[in-house]
Amino acid sequence: MNLVIFIFIVLLGFTSYYFGRKKAYSIQATNTRLTALPQFYGYYLAIWCAIPAFIIYSLWAIFEPSIVKLIILSDYSNQGYLDDELNLIYEKTKSLSRGQFSGEITTYLETSAEKYLNLRSIAQNSKVVLILAIIIASIVYGYKRISSNNRTREPVEKFLNAVLFTASLAAILTTIGIVFSLIFQTIDFFKVIPLFDFIFGTHWYPAKAFVRDASEPLDPSMYSDTFGAVPIFAGTFFIALIAMCVAIPIGLMSGIYLAEYASTKVRQYAKPLIEILAGIPTVVYGFFAALTVGPFLKDIGTAMGLEVSAESALAAGGVMGIMIIPFISSLSDDVITSVPQSLRDGSYAMGATKSETIKKVIFPAALPGIVGSILLGVSRAVGETMIVVMASGLAANLTFNPLESTSTITAQIVVILIGDQAFGDPKTQAAFALGMTLFLVTLSLNIFALRVVKKYREKYE
Amino acid sequence: MIKINSKNVDVFYGKKQALFNINLDIEENQVTALIGPSGCGKSTFLRCLNRMNDVIDICRVKGQIIINDFDINDKSCDVVRLREKIGMVFQKPNPFPKTIYENISYGPTIHGMAQSKNEMDEIVENSLKKAALWEEVKDRLHEPGTGLSGGQQQRLCIARAISVKPEVILMDEPCSALDPIATAQIEELIDELKKDHTIIIVTHSMAQAARVSQNTGFFHLGELIEHGSTDKIFKNPENKRTQDYITGRFG
């Protein structure tokens, strides 16, 4: 039913566009000059048709359930029910009205269910009538307003402005929402685990937290030495560092090659080929790291007399670096190509060689974009989960030996949130605390890097 | 005295021929203007003289261009040395996105011309003075060159070009992006510079060619129609097309 109304409004919108334009044409035919192109009159009428109807429709959808609930439950008021019990009664009524109720049916419940069905159909019908009335009224109003001396271009442009604003607002609100969903759980977590222990503790064994029986009261002392985040933060940055050591030089050099040295033909084929790397799912990288690179490194290490773990930070970081190459190479290729040719000409005309020109003129001019691409690579590296889970293991060792296994923040969040979890338990909340810290760290990294870029960038134009 | 001697120069962009059999001698320490309608090949010819056409993939140059008894199109020619000797100023001012000082010191640095900071300071000061820019920028040498006005930027580019003491300076419509006052300053500068340098200037302004040059070459459709002293070209051209162009009947 709702879908039908929706489609109806949309169709009516199209029709009114047609009629609005037609009226504008007919005004034009009498040799009167319009203040806008005829299609603006069409858009104008379509907006008048659809927007009030959609506003009423959404308001109705928001308020109908709570009003119906209020009316149903008014029968039960003054009988000493608790809020929870009232909610239960309402749920029972709803399922009975759908014929899905399997419990004991009382007469009270039956009357309520009947009343509920009644209310719903009244609501449905009045909704249709109201919306139709609104549509007709607003179309008539809008149609009457279409005349040669009435402006339609400005309202249409304003409407578009509002639509675009809403779209950008949605992205911002989502970010804020995510931050808030992290904040409250994080605060709860730090009520149990002292912030100091979390930031400076060197033991991370969330598995220990499973011991608690949910019925027992929370005893913070049992979590001492459980949630020390140092090993996993160290692991995260260590693996990211290995990845960037692979990705930055290779990515940057291949970007420079593509932009400055490669002939058009080579570039035409090489660039898509490199970008294929970006299309490989991280799981595939994960088993490449776990099943090919890891054992390979172990074999080499054994041959050289080194002790190499089959799951090593080197394998995970190295493969992660390969994964990040296309981001850095493709983006830096783009920014280098967009440096104006006149700067190159100026440098060549001074007798500079190609490599001097790149090093002294092009690279500084392209620096903001290049740093941007590296930042993107770093955030990929810090946020990457699958490769670490598969290739570097889940044991949070505090180590800076690339040949041993270590773990990262994201991998630990996976470990914590897989399987059964209880909300309100420090173990689950630890994931939120980790997420929040990660967010803060990457945010400050970004701000810092942007400042550096702003200071050192060489602006052309 | 002849500084540059070009013989049978043909230039191709891919399959399209842009210049046909150009034979032109350039006099030392004089200003030679190249005039002609858009697309006639005068800029292409200019770019042959310091092999800037190498930068364009599809461009091929045939024939001989002899500078100091040496064919610059020969395989043994070192492009880096060539461009040190033959500087260039472009149509649109293109200072590097660096400080004014770094813009000037760029060339001397890559050619290893200064042994010390003092020597470099001297080169920078002299180049800016020769380009008549020193008084305007001496207090802000370490501000970005892109912050200067258009005319100042172009003089900065000229200073950059003369910083490596080139024998020849090529100018590709150096005033086309400038207002009349900046143009007058540059023209005055060109007159000054010809004492030490041989100058070849491509220009669309006939008046400019008449004002600054001693010799003029007229290009049309990829051919050098006529060349000689500016006086003769403007007052008594031999070719009808030259006369039509100069009197404004076409182009």
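**Figure 1. Helices α1(A) and α4(A) are roughly parallel to each other in this predicted model, because their angle falls under 35 degrees.** Helix α1 covers residues 2-29 of chain A and helix α4 covers residues 107-145 of chain A. The two pack at an angle of about 15 degrees, and their axes are 11 Å apart. Their crossing is right-handed. From α1(A), the contact draws on A:I5, A:L12, A:S16 and A:K23. From α4(A), A:V128, A:I131, A:I135, A:I139 and A:Y143 take part. Sorted by class, the contact of α1(A) with α4(A) holds seven nonpolar residues, one polar residue and one charged residue.

**Figure 2. Helices α11(A) and α12(A) cross at roughly 160 degrees.** The axes of this pair come within 10 Å. Angles over 145 degrees count as roughly antiparallel, so α11(A) is roughly antiparallel to α12(A). Helix α11(A) passes α12(A) in a right-handed crossing. On the α11(A) side, the contact is made by A:L343, A:R344, A:S347 and A:Y348. On the α12(A) side, A:T357, A:V361, A:I362 and A:A365 make the contact. By class, the contact of α11(A) with α12(A) has five nonpolar, two polar and one charged residues.

**Figure 3. Chain A touches chain B through 19 residues of chain A and 22 residues of chain B.** By class, the side of chain A that touches chain B has nine nonpolar, five polar and five charged residues.

**Figure 4. Model confidence in chain A is highest in helix α11.** Chain A averages a pLDDT of 85, and 94% of the residues score at least 70. Helix α11, residues 341-349 of chain A, stands at a mean of 93. Confidence in chain A is lowest in helix α3, residues 83-97, at a mean of 82. Where pLDDT is low, the predicted coordinates should not be read in detail.

**Figure 5. Helices α6(B) and α7(B) pack at an angle of about 20 degrees.** Helix α6 runs over residues 150-162 of chain B, and helix α7 over residues 180-193 of chain B. Their axes are 9 Å apart. With an angle under 35 degrees, α6(B) and α7(B) are therefore roughly parallel to each other. Helix α6(B) passes α7(B) in a right-handed crossing. In α6(B), B:G150, B:G151, B:Q154, B:R155 and B:I158 take part in the contact. They meet B:A182, B:Q185, B:I186 and B:L189 in α7(B). By class, the contact of α6(B) with α7(B) has four nonpolar, four polar and one charged residues.

**Figure 6. B:L19 is a buried residue of chain B.** B:L19 lies in strand β2, residues 16-27 of chain B. A residue with 20 or more other C-beta atoms within 10 Å counts as buried; B:L19 has 25, so B:L19 is buried. Not counting residues up to four places away in sequence, B:L19 touches B:V9, B:D10, B:V11, B:G41, B:T44, B:F45 and B:G222. B:L19 and B:I225 are 206 residues apart in sequence, and their C-alpha atoms are 12 Å apart in space.

Notes:
Residues are numbered from 1 along each chain as its sequence is written. Chains are lettered from A and ligands numbered from 1 in the order in which they are written. This is a predicted model: local features need pLDDT of at least 70, side-chain atom pairs count only at pLDDT 80 or more; totals for chains, interfaces and linings use all residues. pLDDT is the predictor's confidence in each residue, from 0 to 100. Helices (H or I, at least four residues) and strands (E, at least two) are DSSP runs, numbered from the N terminus. A residue is buried if 20 or more other C-beta atoms lie within 10 Å of its own, exposed if 12 or fewer, and partly exposed in between; C-beta atoms are placed from the backbone. Two residues are in contact if their C-beta atoms, placed from the backbone, lie within 7 Å. Axes are lines fitted to C-alpha atoms, for helices over the stretch in contact, and angles run from 0 to 180 degrees between N-to-C directions. Angles under 35 degrees count as roughly parallel, over 145 as roughly antiparallel, 65 to 115 as roughly perpendicular and the rest as oblique. A crossing is left-handed if the near helix is turned anticlockwise from the far one by less than a right angle, and right-handed if clockwise. Ala, Val, Leu, Ile, Met, Phe, Trp, Tyr, Cys and Pro count as nonpolar, Asp, Glu, Lys and Arg as charged, and the others, Gly among them, as polar.
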